[in-house]
Amino acid sequence: MQFLADLAIVGLRVLLSIYAVYIIFECFASMRRQKREEKPLIMLSSSTLRRKIPVLCWENLIGRSKGSDIVIEDPTVSRNHCVLLRRKEGWFVSDLDSKSGTLVNGKEISGRHRVGVGDEIRIGCTTLTVHRGEDFDEEVRHSWFFSRVSRKPSVPSPLLLMMVNIFHLFMAVEICISQNEFNLEAFQVLGAVVLFSWVLFAFSRGVFARSNFELETLAVFLTGTGVMLLVSQDIRDAWIQIIAAFIGAALYMCILMFIKNPDRIVNWRLAVMIGAAALLVINLVFGTVEFGAANRIYIAGVSLQPSELVKIAYIFVGASALDHLQTKRNFIEFLVFSAVCVGALAIMGDFGTALIFFATFIVISITRSGDYKTVILALVGAALASLLVIYFKPYIAERFATWGHALEDSYDTGYQQSGVLTYIASGGLFGTGVGSGVLQYYGASETDLVFGIMAEEMGLIIALSVAVAICALTFSTRELSSRSRSTFYSISACCAASMMLIQTALNVFGCTDLLPLTGVTLPFISAGGSSMVSCFGLLAFIKAADERTYTSTLKKR
């Protein structure tokens with residue numbers, strides 16, 4: 001009889017692993033099935049170029065550079081000549097300090113200048129005439145577009161979300177099996193997770209009229225998994241995580257509403273920079289040193305990490321509207337702000353987060369201008385700074401010394417990583433059962449080592465699937481952002497996804513001794529209210545770039 005019971009438990013864990021892989025697969029498969037409706041907003045014609053150019057996006061860089069949205073093969077045109085952009089008031093053209101200037105109807109412009117149907121934009125020796133989007137013939141249609149029907153997801157969003165709820169129900173059942181008793185708290189937390197998921201769904205559908213819910217479903221899956229893992233470790237942390245998820249979802253919705261107008265970001269840019277710098281200063285003054293880093297402040301017994309909120313501000317500042325991105329003043333301001341953020345984090349001793357900010361700076365620098373000279377200079381500076389850090393911070397040097405040799409010193413500096421490797425192996429493919437792991441008794445197990453807990457208790461298949469899902473989010477974001485109407489949405493989405501990717505790599509590779517242990521959290525999974533709020537804030541940037549629809553589309557060949 002006991003044999004049959006054990007066999008049933010093993011079967012449940014196998015099914016749970018397959019079920020998790022299916023949920024993650026379906027989230028991404030659904031995103032690939034749906035396409036954004038792509039039809040010209042306006043048309044540009046040129047007798048010189050002898051072709052008609054459909055304008056698909058709100059912001060379009062025009063120039064001789066191959067990286068421009070509209071490439072003009074004219075030696076008198078600057079590499080980045082001007083920007084054609086759409087706002088609530090209409091269409092505008094903005095010169096980018098080009099050599100020959102930009103003229104509208106024969107008059108040279110400075111700053112943003114409004115244009116309408118029939119107006120002529122002259123850049124170099126090329127004249128572009130503005131037409132309505134409907135004014136394109138069959139020749140243009142066949143040259144630039146082909147009809148494509150966007151397919152509906154095989155699993156409707158409400159059903160997929162219900163499947164996620166069932167997955168978390170299985171986790172609650174496993175907790176009871178591991179403890180050989182009914183755990184009421186596990187089902188209370190489960191009820192809160194289910195409530196959170198459907199409140200988020202209701203607001204997404206009701207307030208924002210969003211037909212696509214795959215990104216949020218993935219976030220709910222990861223959030224609920226992390227919360228249920230906390231039940232048997234620290235029930236208080238589980239409830240804090242739920243509260244943080246509600247706060248994060250509220251921030252997610254506020255950001256979506258705020259960035260509807262990309263120019264609003266430019267107007268608030270300075271205020272956001274000052275606010276972020278103030279948070280870092282407060283952290284420097286009142287921060288409490290824990291595990292070598294003073295990156296936390298305590299208010300009424302609750303710890304906060306201001307650097308997690310600064311991540312959101314950093315993307316706000318770095319991904320301005322396109323005509324502002326190209327200015328030297330804008331880039332210098334961003335460079336100084338980046339130095340302030342990374343420098344403050346280094347002073348706190350939070351080198352893991354500093355590394356995330358620096359890597360995001362590299363991403364923003366490349367996506368903004370493609371200027372690899374700046375990137376190379378930044379990398380050289382970072383290498384020199386790293387040598388100084390290792391020299392003046394002995395505990396950092398100790399982590400590098402342990403790197404790759406954790407099992408050789410498993411009772412001292414390699415204690416955490418060797419424990420992770422040992423118990424990942426003991427968990428096997430399908431795990432020992434939620435709540436029955438040994439790694440939960442290690443220090444920082446719910447934060448830095450949470451990947452190891454997932455692998456031990458839920459199995460290597462689920463743990464790797466979660467890590468791959470966060471990584472795959474980066475590639476999906478790249479595809480979504482390439483079709484986004486606004487450059488701000490494209491850059492901010494790519495940077496938000498890059499932050500999550502880098503953070504995931506540092507967490508997973510750090511706790512498994514493939515990289516030095518940096519002490520960063522695993523997005524949505526690790527315990528930490530500030531981290532949870534930050535993750536939902538970053539998700540808002542990715543969602544803003546998602547403009548898919550079920551209807552038929554026109555797509556560029």
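Predicted model: local features only at pLDDT ≥ 70, side-chain atom pairs only at ≥ 80, totals over all residues.
**Entry 1: helices 5 and 6**

Helix 5 covers residues 214-231 and helix 6 covers residues 235-258. I found an angle of about 160° between them, with the axes 7 Å apart. Angles over 145 degrees count as roughly antiparallel, and helix 5 and helix 6 are therefore roughly antiparallel to each other. I noted that their crossing is right-handed.

I then listed the residues that make this contact. Helix 5 contributes E216, T223, V227, L230 and V231. Helix 6 contributes I235, D237, A238, Q241, I242, A245 and Y252.

**Entry 2: helix 8**

I turned to helix 8, which spans residues 306-318 and has 13 residues. From its first C-alpha to its last, helix 8 reaches 18 Å, close to the 18 Å expected at 1.5 Å a residue.

Is helix 8 largely enclosed or exposed? I counted 12 of its 13 residues as buried, so helix 8 is largely enclosed by the rest of the structure. Among the buried residues are charged ones, including E308 and K311. Others on the buried list include P306, Y314, F316 and G318.

**Entry 3: helix 8 against helix 17**

I examined the packing of helix 8 with helix 17, which runs over residues 487-511. The angle is about 145° and the axes lie 9 Å apart. Helix 8 passes helix 17 in a right-handed crossing. On the helix 8 side, I recorded K311, Y314, I315 and F316 in the contact. On the helix 17 side, I recorded F488, S492, C495, A496, M499 and Q503. The residues of this contact divide into seven nonpolar, two polar and one charged.

**Entry 4: two positive phi values**

I checked backbone angles next. Most residues other than glycine have a negative phi. N105 has a phi near 55°, a positive value in a residue other than glycine. I located N105 in the loop between strand 8 (102-104) and strand 9 (107-108). Its relative accessibility is 46%, so N105 counts as partly exposed.

A444 is not a glycine either, and its phi is positive at about 60°. I located A444 in the loop between helix 14 (415-427) and helix 15 (450-458). At 15% relative accessibility, A444 counts as buried, since the cut-off for buried is under 20%.

**Entry 5: the chain as a whole**

I closed with totals. The chain has 18 helices and 18 strands. Of its 557 residues, 54% count as buried. Among contacts between residues at least 6 apart in sequence, 68% join residues at least 24 apart.

Terms used:
Residues numbered from 1 in each chain as written. Heavy atoms only, no water. Axes fitted to C-alpha atoms, helices over the stretch in contact; angles between N-to-C directions. Helix = DSSP H or I, 4+ residues; strand = E, 2+ residues; numbered from the N terminus. Parallel < 35°, antiparallel > 145°, perpendicular 65-115°, else oblique. Left-handed = near helix turned anticlockwise from the far one by under 90°. Contact = heavy atoms within 4.5 Å. Expected span 1.5 Å × (residues − 1). Buried < 20%, exposed > 50% of the residue type's maximum accessible area, 1.4 Å probe, protein only.
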